[in-house]
Amino acid sequence: MLKHLRYCQYVTFVKKNPIPRLDNNADKLRQRILPHCRLKPGDIWRDPESGHVVGCGDAASTGFIVELFGSDQAVLAVHDPPYNLVMFRKRSVAEFIDWCRRWVDNTCRVLADDASLYVWLGADQNNHFQPLPQFMAMMAETEFKSRSFVTMRNQRGYGTQKNWMAVRQELLYYTRGNPTFEVQYTDIPKILRGYYKEVNGVTTENIERSKSANIRPGNVWVDIQQVFYRMVENVSGCYGQKPLKAVERIIRSSSQGGGEDTVTDFFSHSGTTLLACERLGRRCITLDIDPIFAEITIRRLEHFRRTGATGWQAGNPFEKELATLSQIPVAGIAASA
Ligand SMILES: C[S@@+](CC[C@H](N)C(=O)[O-])C[C@H]1O[C@@H](n2cnc3c(N)ncnc32)[C@H](O)[C@@H]1O
């Protein structure tokens, strides 16, 4: 009983202490978590319930991608690679673009003839906006057609004193063939009134003529909350988590439900695309090069199935293991997204 009580107290303590970001600066914490990750590099987990697939491997490795997919094809890819900015391991732009070309080629191999590709990308405003223009030029040499350049507005930004606060998040949309596209609507009500037109001899106001009382997001998304630690969907330890609402919007518009369509994401991290697929009745094939993020991806799905929660809010995906290890409190507030 006493032991149980101590355990509960510790769990409560951990829940108020999200783990810090699990990249290369968190070596000690990573060493404690790694033994609890079920995938080693090259391993593949197959979900017995909905047929999702999670791999631990390199998006640029053709051998690994071919093994991961087998004879499967996806109708939609939603990729969110490291952006080559200071917060990620930085390389020369040419090297970064070469690497991108390799995973874009791999994407081509596993997409259906009629398919969509979305790529989240940053632009370094202090360095000629790299790697965005170079990436766009590289894509112009592929078989993909450009369709839209979406900007999502973050709520928090940086560089506010001597520059325009940087709050934009870029999302490139490409297609090949003739894939599905379903118009989406925001939660924002239409406010433009008094826009009359005569239809079949009757004068109608624009609201009466439209399919929805809400506005369309267009290609500037201002209605999505950036993930932060008070949100249920927050996965502490993750430093680049995308909002579920944004990924669900992409999946709803560019694939169909009912379990037939497969969606892929080569840079899974917190598993947002996998979770969105689970919620929307799509199958997901995803991977991450880091065994810890591949494990978090699987745990997020299992946690959702067990509890209905989309993340751990101010807790973390390794609460049980960290509680039973050396009882060293985990310091730091997660800086997700
Ligand atoms: C920006 S995060 C993706 C965030 C994700 N969209 C989410 O919502 O959680 C990029 C991820 O790519 C992974 N990654 C980096 N290089 C990779 C590679 N060569 N192959 C596969 N994954 C890689 C990193 O480990 C990291 O988890």
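1. In this predicted model, L117 stands opposite Y174 of strand β6. The two strands involved are β4 and β6, the latter spanning residues 166–176, and they pair in the antiparallel sense over seven bridges.

2. Strand β4 (residues 111–121) also pairs with β3, here in the parallel sense and over five bridges. Within this pairing, H79 has V119 of β4 as its bridge partner.

3. Strand β3 has a further pairing, with β10 (residues 262–265), which is likewise parallel and comprises two bridges. There, L76 is placed opposite V263 of β10.

4. A residue is counted as buried when 20 or more other C-beta atoms lie within 10 Å of its own.

5. These pairings belong to an open sheet of nine strands, ordered β1-β2-β11-β10-β3-β4-β6-β5-β9, with mixed pairing. At its edges stand β1 (44–46) and β9 (220–221); each has a single partner strand, so one side of each is left without a neighbour in the sheet. In general, strands of a sheet pair through backbone hydrogen bonds, either parallel or antiparallel.

6. Helix α9, formed by residues 291–307, lies across β1, β2 (53–56) and β11 (283–288). The helix runs at about 165 degrees to β2.

7. Concerning the chain as a whole, the secondary structure comprises ten helices and eleven strands. Of the 337 residues in the chain, 38% are buried. Among contacts with a separation of 6 or more, 74% are between residues 24 or more positions apart.

8. Which residues are closest to the ligand? They are G240, F267, H269, S270 and T272, within a shell of 19 residues that surround the ligand.

9. As to confidence, the mean pLDDT of the chain is 89, and 89% of its residues reach 70 or more. Two stretches call for caution. Over residues 1–14 pLDDT stays under 50, and the model has eleven contacts beyond four places in sequence for them. Over residues 325–337 pLDDT also stays under 50, and here the model has 37 such contacts beyond four places in sequence. Where pLDDT is low, the predicted coordinates should not be read in detail.

Notes: Residues numbered from 1 in each chain as written. Predicted model: local features only at pLDDT ≥ 70, side-chain atom pairs only at ≥ 80, totals over all residues. Pairing = 2+ DSSP bridges. Helix = DSSP H or I, 4+ residues; strand = E, 2+ residues; numbered from the N terminus. Near = placed C-beta within 6 Å. Buried ≥ 20, exposed ≤ 12 C-beta atoms within 10 Å, placed from the backbone. Contact = placed C-beta atoms within 7 Å. Axes fitted to C-alpha atoms, helices over the stretch in contact; angles between N-to-C directions. pLDDT = per-residue confidence, 0-100.
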